Amino acid sequence: MYKYNGRIIPVNRGWTDNNGVQHPRQWSTGWSEEEKTAYGLVWEDDPAPYDSRFYSGRDDEGNLVAKSLDDLKSNAKKQVKFQAGILIAPTDWMVIKAAEVGDYSVPADVLTYRAAVRTASNTIEAAITATADHAAFMALYDTPVDADGNPTGNAPINDWPEAD
């Protein structure tokens, strides 16, 4: 991106310098690098992208601005509860039927899976609660890998049981 006295100058848009001189929108394609430099334009590489799950942007010096750890934890716990609900919802009808129909019982594998989802939800929420800082919270999203970079399991935030 080009800057003039610290101000970003958008490509293909006219701009006015500190002396009141208006420059045409074609400056970005019509001027040589020497002309751009002569008019006080300086090229700066765009900052590296950031993960918007954990950061809200950059400050005036270009440093990442971390989202509030409390907000991150609260939102993550809500997402865990939502995901657990999604995972057990397809078998809810079985539990309701068992409560309403005397001679029906929920298959054991379904009950085992539902219990495993609840256990996983509790474990994930406890891991979220236990994070003491931003780095520890972000680590919950890291998928473990072997020496070759191949996944060896699920990220702690997404360690749900497999349905049969």
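Me: Where does Asn5 lie in this predicted model?
Reply: Happy to start there. This is a predicted model, where local features need pLDDT of at least 70, side-chain atom pairs count only at pLDDT 80 or more, and totals for chains, interfaces and linings use all residues. Residues are numbered from 1 along each chain as its sequence is written, and side-chain values use heavy atoms, with hydrogens and water left out. With helices (H or I, at least four residues) and strands (E, at least two) taken as DSSP runs numbered from the N terminus, Asn5 sits in the loop between strand S1 (2-4) and strand S2 (7-9).

Me: Is Asn5 buried or exposed?
Reply: Buried means under 20% relative accessible area, exposed over 50%, and partly exposed in between (1.4 Å probe, protein chains only). Asn5 has a relative accessible area of 57%, so Asn5 is exposed.

Me: What is the phi of Asn12, which is not a glycine?
Reply: Good one to check, because most residues other than glycine have a negative phi. Asn12 lies in the loop between S2 and strand S3 (15-16). Its phi is positive, at about 65°.

Me: Why does Arg114 count as buried?
Reply: Arg114 belongs to helix H5 (residues 108-130). Arg114 is buried because its relative accessible area is 9%.

Me: Which residue has a side chain joined to that of Arg114 by a polar contact of 2.8 Å?
Reply: A polar contact is a pair of N or O atoms within 3.5 Å; within protein, one must be able to donate a hydrogen and the other to accept it, and residues adjacent in sequence count only if both atoms are side-chain atoms. Not counting residues up to four places away in sequence, Arg114 touches (heavy atoms within 4.5 Å) Ile88, Thr91, Asp92 and Val95. The partner in the 2.8 Å polar contact is Asp92.

Me: Which residues does Ile157 contact, leaving aside neighbours within four places in sequence?
Reply: Ile157 is one of the core residues that touch the most other members. Its contacts are Ala76, Ile124, Ile128, Leu140 and Tyr141.

Notes: A nonpolar core is a set of buried Ala, Val, Leu, Ile, Met, Phe, Trp, Tyr and Cys residues joined through side-chain atoms within 4.5 Å.
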